[in-house]
Amino acid sequence: MTLMAGILSGSICPDGKTFIFPAFYFLSILICLSLYSYKKLFIFLILGLVFCSGYLLIQTRLSSDLPLHHISNYLDTKKIKLTGRVISFKKHHKIKYSTIVLIQSIETIGDTKKKATGKIILNIYGLSKTGPEFGDIIIFESSIKSIRNFMNPGAFDYQRFLKLKGIYGTAYSDTKKIKILTQPDQVNVFLKLIRKIEDLRTRYYDFISIHAKDSKSSTIIASLVTGKKEIISQDLRDLFSKAGISHLLAISGLHLSIVSLLFFNLFYRILSFSPSLTNSGRAKKIAGILSIFPLTGYAVFSGFSPSTQRAFIMIIVLLFSFVSEKEKDIVSSLSVAGIIILTLDPAALFSISFQLSFMAVIFIVAGVSVLKKYFLLQKTSVIAKMGLMLCITLFASLGTFPLTAHYFNIVSIIALLSNVIFIPVIGFIILPLGLISFVCFSFSPVFSILIINVCIQILSVSISILNFIISIPFSWSRVATLQWYEIAAIYLVFILIFLSLKGRKKLLPFIVFIIFLLVIVSFSTDRFQNSSNSNLKITIIDVGQGNSALIQTPEGKTILVDGGGFSDASSFDTGKFIVAPFLWQKGIWSLDYVILTHPESDHLNGLIFILANFAVQTLIKNHDRKNSESYVNLMRLCKKVNIRIWTPSTRADQLNLGPIKLIFYESPNEKFSYGYNNNSLVFKLIYNKFSMLFPGDILNNREKNLSNNTDINLDSNILLSPHHGSTTSSTKVFLDKIKPGIVIISCGRHNRYGFPHDKVLKRYKKFGIQIFRTDTDGAIFISSDGKHFSTKTHMVK
């Protein structure tokens with residue numbers, strides 16, 4: 001706990017090294033002196049030293065004092081020639097694969113080669129059997145893109161996540177344009193072994209892909225054996241998440257435990273043929289030691305990801321505890337495992353898998369101790385063992401549900417049932433059979449295919465059962481993001497129950513008081529005060545190169561305008577990873593209206609996830625239809641979940657929401673070029689004296705059409721910049737008609753379109769308009785009482 005506290009403190013206050021170094025030195029001296037005096041002082045000083053060690057360990061990851069030749073100094077520039085070494089296995093994606101490269105030197109145009117350092121993610125497009133492998137030194141040309149967060153409240157800090165791994169940028173290249181410098185004589189024995197492992201992983205993955213008939217089931221088998229969890233489709237991930245068994249898809253402590261258990265039983269049965277080993281009890285110890293070797297092989301072969309590394313260390317520590325006959329002191333063994341993991345990788349404390357794994361084990365240990373106290377573990381019948389398995393699953397589910405609700409915004413009510421059914425199926429049938437098929441696929445492909453097909457049949461039935469289970473009403477639920485003080489309150493309630501059952505009542509009043517304070521804090525937050533707030537709130541969400549905005553009326557109505565989105569070829573879902581977490585963070589899980597201004601990908605694609613996971617009453621859209629997969633899926637989804645579709649008429653239509661009015665201006669009667677953009681729904685929000693215009697992506701000819709219409713009043717306090725600030729929009733006549741005091745531009749940083757254009761920015765400034773931009777300011781928040789309004793940004797300037 002002390003080490004964790006030090007790491008957490010170092011993360012919160014990353015610039016305090018000047019104070020911690022003298023403290024570290026001072027404590028070291030005092031420890032030496034205290035060895036000759038007071039034992040209690042010695043203990044406190046040791047704890048202080050551990051705290052400081054944790055503080056310093058995380059400082060090395062978060063330090064901003066990078067060398068001058070670090071790769072971070074060349075971010076977001078023109079293409080440069082890079083030389084580096086591949087230091088990771090490949091991750092296969094839909095149209096590319098990615099790997100991590102440790103940069104060694106760079107060469108800019110017209111400049112000499114310079115030494116460089118730092119890690120980047122290299123995305124490689126194109127298929128080739130001669131692509132770079134682990135350990136290769138490669139040369140390629142690319143600009144290095146900086147790691148960018150979407151700057152919204154409660155958003156995942158992806159930049160910090162990669163920084164803790166030492167990664168500062170991303171690059172892109174075609175496999176044919178990468179030159180491999182590695183010579184055969186430079187490949188040592190260790191490198192040959194690692195390459196052989198990666199080659200086997202890739203070959204087995206290709207083998208399954210070619211011969212398996214069911215793609216969903218085959219990706220599960222490949223993921224369990226090779227650790228390539230990136231190949232699993234998002235639909236399948238969502239299915240397992242809703243059922244509460246998503247942990248079965250990634251190599252974790254469960255999988256390593258099963259592998260070690262299977263090999264332990266195998267070795268023990270073999271060693272049991274020796275009476276001397278059995279009678280002396282050495283058979284179990286030797287079997288435990290021998291199990292380490294196949295366990296290590298499986299961990300390395302599956303990619304040895306950070307989560308696998310942590311699970312591996314934990315199981316190794318527990319195995320050594322078993323061999324040394326200290327397996328009953330499981331708390332100490334877990335503490336040792338935690339210290340080793342955090343010493344090697346202090347950033348693991350902030351890893352979801354680390355938190356979930358340790359919390360699950362802690363709750364299992366605590367729960368079993370309660371069962372022992374009440375003599376509920378005395379029976380050894382089959383029914384009693386099944387009951388114990390149910391209890392262990394229940395304890396693990398209880399321990400992890402606050403964290404899953406926080407990180408994934410989902411609570412599975414049927415998780416207990418799903419785990420009881422599918423842990424044995426996937427862990428003790430599919431995983432062992434998958435490993436056997438891997439061992440056989442090189443020399444007996446027919447037998448391997450037979451095993452794979454058996455697994456596919458079992459998994460196909462399992463997926464059908466899972467689909468049925470999650471279709472049961474209230475089997476799972478989306479929830480608002482739990483804040484850390486709410487998570488603390490929940491865990492304190494669990495501690496309260498545990499101490500009561502154990503008969504330890506001294507701390508109960510203090511814990512009740514802390515819970516009471518946390519509940520008061522929770523009810524004082526914005527989420528519980530929104531209903532009593534008389535202000536209109538508008539948030540322009542940072543979705544990169546796209547549009548999305550949330551409107552919250554004084555009467556509690558919620559309206560989402562567009563959902564952002566990247567191209568149809570992109571696997572990144574703005575709805576799932578940006579808009580939905582923002583809504584959940586604000587405690588929103590239902591929407592009265594969703595407005596789709598026009599069916600282009602940068603406005604539409606993010607809405608598919610929103611409509612599928614939020615209770616949406618009405619979708620408002622224009623008359624356009626588009627023959628695209630995203631639009632078809634959106635319409636199909638509306639029909640499936642009974643979402644009403646309202647299309648404002650060609651004449652001005654109005655939506656009254658108490659004191660709030662949304663006036664939709666007529667669609668164009670004439671056909672324009674770039675019709676989808678020009679046909680955007682244009683509407684004006686009015687709240688007494690405050691108004692804001694949402695023009696979608698209209699261009700200059702539609703702007704002219706609206707400006708010449710004397711029957712409408714475009715005058716507005718705030719304008720959402722049409723078409724992200726392109727030169728084909730924001731004409732002088734249009735701005736003169738609106739007379740905005742503020743313009744908000746929703747655009748992506750360093751986007752390939754060059755939005756917003758310099759000419760447009762100069763035009764805004766010439767009109768005396770204050771400019772806000774999501775690419776530099778992050779989310780923009782507008783609040784109005786109907787008379788006055790205020791605007792602030794997520795990024796404080």
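Tutor: Start with the lining of the largest cavity: 5 nonpolar, 4 polar and 1 charged residues. (Ala, Val, Leu, Ile, Met, Phe, Trp, Tyr, Cys and Pro count as nonpolar, Asp, Glu, Lys and Arg as charged, and the others, Gly among them, as polar.) This is a predicted model, where local features need pLDDT of at least 70, side-chain atom pairs count only at pLDDT 80 or more, and totals for chains, interfaces and linings use all residues. Residues are numbered from 1 along each chain as its sequence is written, and side-chain values use heavy atoms, without hydrogens or water.

The lining residues are N547, S548, A549, V561, D562, T597, F694, P695, G696 and L720. A cavity is a set of points on a 1 Å grid over the protein atoms alone where a 1.4 Å probe fits but cannot get out; lining residues have an atom within 4 Å of a point. The largest cavity holds about 40 Å³. Its volume is the space filled by probe spheres set on the points, which are joined across faces, edges and corners. The model has 2 cavities of 30 Å³ or more.

Now look at two strands. β21 covers residues 690-694 and β22 covers residues 718-720. Strands are DSSP runs of E, at least two residues long; helices are runs of H or I, at least four; both are numbered from the N terminus. F694 and L720 belong to the cavity lining. β21 and β22 pair in the parallel sense over 2 bridges. (Pairing needs at least two DSSP bridges.) M692 stands opposite I718 in β22.

Both strands sit in an open sheet of 7, ordered β18-β19-β20-β21-β22-β23-β24, with mixed pairing. The twist averages 20 degrees from one strand to the next. Angles run from 0 to 180 degrees between N-to-C directions, with axes fitted to C-alpha atoms, for helices over the stretch in contact.

Helix α27 (residues 758-766) lies across β23 (742-745) and β24, at about 140 degrees to β24. Contact here means heavy atoms within 4.5 Å.

A second open sheet has 8 strands, ordered β17-β16-β15-β14-β13-β12-β25-β26, again with mixed pairing. Its edge strands are β17 (644-646) and β26 (789-793). β25 (residues 780-784) meets β26 in the antiparallel sense over 5 bridges. There, I780 has T793 as its bridge partner.

Methods
On a 1 Å grid over the protein atoms alone, a cavity is a set of points where a 1.4 Å probe fits but cannot get out, and a pocket is an open set with protein on both sides within 12 Å along at least five of seven lines; lining residues have an atom within 4 Å of a point.
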